Amino acid sequence: MRRRGKILLRLTVLLMLVLYIAIAPEQVQREEPLLQEWVRDIDGSSAREELEREWVPFLLQDYYGYISPGGDRFFSMELNRFSAIESTSFCRYDPTRESLLIEDPFHELLYPINYTGIPYVKRETYFIVSYDFSSFLAVSREGKRLLHGSFSSPITCLDRGGDYIGVGLLDGDAYLYDESGLERAHIQSSDSRIEAVYGTALSADGRYWAIIHGLDPQLVSVYQLRGDDPKRLRVFAIDGELRRQVVISFSEDGAYVLVETPKGAKILPVQEPFKEASISFSGDLVDFVFEGDGKMLHVVTRDLERQRSHLRSYLPDGSLYNEEEFEGKAVGITATDAALYLGIENRVIKIARKESGDA
Amino acid sequence: MRDRRGKIRVLSLLLFFWSLLFSLPLTAFEWPLAEQRLLMSFGQNKWGGFLKAVALQGESGEIYPVEEGEILFVRRESGLPDKHGLGAGLGTMVVMQHQRGIRSLYGNIDSLQNPGKLNFRREDVLALMKPESDSTEGYLYLQIIDSEVDRYINPLLSLPSLDDRRAPVIRSVFLVDESGRTYSPETGSVLNQGSYKLLIETYDPSSATENGTAMAPFSIKVYLNGVEMHGLSFESIVIKEGQSLVIGAREYAYQNLYRGLDEYSFEPLVLRNGEAELELVVSDFSGNETVEVYQLQVRR
């Protein structure tokens, strides 16, 4: 009887072990979780501080600016639709000049832009998009005019990578220009019942170009940019479709493309083996960052009804690595080598990786 | 002279309707609002370019599609910054796909009435108007794109007629010679023979506001001795080699046409020795017309 009990116990342990092995990859792994280091409320515009190079840009519900890694000092300005910010410069409307300005607060330099529109910044390039989305001006962060584009259909998306600027239009056309304004490629897809471009992304080195386009079906086409003609490497079909601007972006090393989908997002590998991963989440995709050459993906979502936000970290195979819930509506995330800076309403939250051995 | 001019104008009208017949969609759209007044006209000088749409003012309420169609694109304004979005130039907006490659864009709306619904009949409510602050009224930005011929179409060409009894106003007219000297043409003016630039400050008063907010007229025609020298009509806008061009009987580039908010430049206007009759005809879309005629003396 005792012997039978022992066998039963061993079998139970074995069964639990098998179950653990089977289920464990789906569970949240907390070997190296993220640690909230500090929270800073930004409750107004601040006086101009002398900024230091390691200060981090932030974008909040009502303010934008730069904050020191310690969170003790910051420079903030009131946000409006003419605000855009990146690591070393920001764009704002100057009421005295009645024009947009790019400002480098680290060197106290100003670059006026004589163009009417709303700024959008991507990889150190400001795109000033006309109010009606029919044209844009691309300007470097040093105020140099790179390219002006006008189209017979509204622009739906823009991106910058390497020497290229990618533009997607509602009529289904996608254009690729170089920095001198020369058209390098023009793609007119005809794979779907209705053609429209919903998102575009260029890899940081300009080697790859991805476009999400069409309805019925909605597809992601990934192109390799070598020589004169882009070579279509792969077409991925999206399960369902989004009829709005879709978030799409390459990891810094260009190995993966993140594409927003109706149920969450997909991580699509650019080179073979083409094994795509799906990640599911509820709420709206707000922002994301790839970390460590695509080894980790941090995704920020918000649920406007519940007024809650989530920061989820995924491995390239789509498995969930960590998940944190926050009160309030998330606005964006910034990554540095050491930490993540999450913007929730008018709070900046620094989240650092927990070192081994930390309590 | 009068007979010849009359014949030319009849011929111009015939040509205009002929071009409408073949270059524009043959659809008859319906107004998207129950009642509306034109607040901004197609082609007017707005946001540093031609306005490629019209703005319709109306009571806050329901917005209907101009024709049955399918939702193609939606942009929602959440009130929160959108790091990955292209900005909020037209606020919350929706684009519909109709037959024959026609797309209609509705901007500055409050919200979609049936989120998730994709196909709309003409009588289905598409969206709600966004009231302006301290008002029960709002304005709708309406754009029509013909994606088969890649151009923005004046929505008024395909919509029912608009009740408008206010004629365009010609505020000032100037002739500028090649040396940059400016002349105000009055009947009896004596000018030197040569090439001139004609500057016309004109606008069409909107019926949407009491003070008649200035809009672009639908057409401006310049006749010299009964011959049409310039004919601008805001029928459609096309982009060629990065330039916005108004396409009507002739093509006009934004950079060359507008000299100010309501000031239009036409050149060249070549005056030759003798008597010259300069006639300006400015019309709105409802057919209201303002005409000014100057008898000039031109010397060698």
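Modeller: Let me begin with T92(B), which is found in strand β7 of chain B, a strand being a DSSP run of E of at least two residues and a helix a run of H or I of at least four, both numbered from the N terminus. Please keep in mind that this is a predicted model, in which local features need pLDDT of at least 70 and side-chain atom pairs count only at pLDDT 80 or more, while totals for chains, interfaces and linings use all residues. Residues are numbered from 1 along each chain as its sequence is written, chains are lettered from A and ligands numbered from 1 in the order in which they are written, and side-chain values use heavy atoms, with hydrogens and water left out.

Colleague: Is T92(B) buried or exposed?

Modeller: T92(B) counts as buried because its relative accessible area is 8%, and the cut-offs are under 20% for buried, over 50% for exposed and in between for partly exposed, with a 1.4 Å probe and protein chains only.

Colleague: And which residues is T92(B) in contact with, leaving aside neighbours within four places in sequence?

Modeller: With those neighbours left aside, the contacts of T92(B) include R75(B), R76(B), E77(B), Y106(B) and D110(B), where contact means heavy atoms within 4.5 Å.

Colleague: Now the backbone: which residues does a cis peptide bond join?

Modeller: One such bond joins D216(A) and P217(A), with omega about 0 degrees, and P217(A) sits in the loop between β18 (208-215) and β19 (219-224) of chain A. A cis peptide bond also joins E272(A) and P273(A), again with omega about 0 degrees, and P273(A) belongs to the loop between β23 (264-269) and β24 (277-280) of chain A.

Colleague: What about phi of F133(A)?

Modeller: F133(A) has a positive phi of about 65 degrees although it is not a glycine, and it lies in the loop between β10 and β11 (135-140) of chain A. F133(A) is classed as buried because its relative accessible area is 4%.

Colleague: And Q307(A), what is its phi near?

Modeller: Phi of Q307(A) is near 55 degrees, a positive value in a residue other than glycine, and Q307(A) is placed in the loop between β26 (296-303) and β27 (308-314) of chain A. Q307(A) counts as partly exposed because its relative accessibility is 35%.

Colleague: Let's go to the two chains, how much do chain B and chain A bury between them?

Modeller: They bury about 3400 Å² between them, 61% of it on carbon and sulfur atoms, buried area being the accessible area (1.4 Å probe) that two parts lose on being put together, summed over both. On the chain B side, K83(B), H84(B) and L86(B) lose the most area to chain A, together 24% of what that side buries. The contact takes 35 residues from chain B and 43 residues from chain A.

Colleague: How many salt bridges are there between chain B and chain A?

Modeller: The count is 4 salt bridges, each being a side-chain nitrogen of Lys or Arg within 4 Å of a carboxyl oxygen of Asp or Glu. E70(B) forms a salt bridge with R193(A), and the closest N and O atoms are 2.8 Å apart.

Colleague: Last topic, which domains does the assignment give for chain B?

Modeller: It gives domain 1 (25-158) and domain 2 (164-299), with bounds that come from an automatic or database domain assignment, and the C-alpha centres of domain 1 of chain B and domain 2 of chain B lie 30 Å apart. The contact between them takes 22 residues from domain 1 of chain B and 26 residues from domain 2 of chain B.

Colleague: How many salt bridges does the rule find across that domain interface?

Modeller: The rule finds 0 salt bridges between domain 1 of chain B and domain 2 of chain B, and the two domains bury about 1900 Å² between them, 64% of it on carbon and sulfur atoms.
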